[in-house]
Amino acid sequence: MAMAALRREGRRIAAPLISPHPANLLRSSVAATEEQVFLGVRSISTQIVRNRMKSVKNIQKITKAMKMVAASKLRSIQIKTEKSRGLWQPFTALLGDLPSVDVKKSVIVTISSDKGLCGGINSAAVKTSRGIYKLTSGPEKESRYVILGEKAKAQLVRDSKKDIELVVTEVQKNPVNYTQVAVLADDILKNVEYDALRIVYNKFQSVVSFIPTISTILSPEVVIYSIFLIYDMIGL
């Protein structure tokens, strides 16, 4: 009798420990685990986004500081450029500028930068120089290049290597002054034979606008010959 009562009591205690639906128990356990994993992934993703936002803000601060420095440098260079126009404009007005003068030996002086990130400035100077070369070349005419700047050299050496007379680079490594330009001009005049120097450069208009410009300098012999022709025409 006692043994039968003990068996009934054991079954009563053990019954709650055994689920009548083991599949439901397993399913709920898996769902709980997936929810914990999802919460962990979401926490990691949020942290990554926060780190990226912080990185972007830091880059914005650095970019803003670089813009301020660049604007300051550009302003100082712009002031120097505008002041230097008072040096060469009177000479141009006195000697004249004859881009259409017909001579036998033309030397095209192409001025460009040594570094890039200048938009189409260097390409415009090279394109203008090539156009002048076609106009001033012929059976009885000779045209040569004098290149100032690494970027014009890199473009013109591809198809006009044999026509390059002189190349000068790293001119703008230091701030350009009158002494440096005078030495450079003297070097060109001593080493290059010409009847007309056609200087191709970009005239500054604004921060986003430059105009390809041509200035022509005649040799002393051509100037004297032109004066005699004028005298003959007016009968002096």
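To begin with, what does the accessible surface of the protein chain come to, and what share of it belongs to carbon and sulfur atoms?

A: Keep in mind that this is a predicted model. The accessible surface comes to about 17,900 Å² for the protein chain, and 63% of that belongs to carbon and sulfur atoms. The chain has 236 residues, and 22% of them are buried. Its make-up is six helices and five strands, and from the N terminus on they run α-α-β-α-β-α-β-α-β-β-α. If you count the contacts with a separation of 6 or more, 62% of them are between residues 24 or more positions apart.

Now let's zoom in on helix α3, which covers residues 121–136. It has 16 residues, and from its first C-alpha to its last it reaches 23 Å, close to the 22 Å expected at 1.5 Å a residue. Which of its residues are tucked away? N122, A125, V126, S129, I132, Y133 and T136 are the buried ones in α3. Looking down the axis of α3, you'd find these buried residues within an arc of 125 degrees, so they line one face of the helix.

One of the buried residues of α3, Y133, is worth a stop of its own. A pair of aromatic rings is described by the distance of the centres and the angle of the planes. Here the count comes to one aromatic pair. Its partners are Y133 and Y145, which are stacked, with 5.4 Å centre to centre and 15 degrees between the planes. Y133 belongs to helix α3 while Y145 belongs to strand β2 (residues 142–148), so the pair ties together parts 12 residues apart in sequence. Y145 is buried too, and its relative accessible area is 0%.

K203 is partly exposed, at a relative accessible area of 28%. Between the C-alpha atoms of K203 and T213 there are 6.2 Å, although the two are 10 residues apart along the chain.

How values were computed
Residues numbered from 1 in each chain as written. Predicted model: local features only at pLDDT ≥ 70, side-chain atom pairs only at ≥ 80, totals over all residues. Heavy atoms only, no water. Buried < 20%, exposed > 50% of the residue type's maximum accessible area, 1.4 Å probe, protein only. Phe/Tyr/Trp six-rings, centres within 6.5 Å; stacked < 30°, edge-to-face > 60°. Helix = DSSP H or I, 4+ residues; strand = E, 2+ residues; numbered from the N terminus. Contact = heavy atoms within 4.5 Å. Areas by Shrake-Rupley, 256 points an atom, 1.4 Å probe, with all protein chains shown as cover. Expected span 1.5 Å × (residues − 1). Arc of directions from axis to C-beta.
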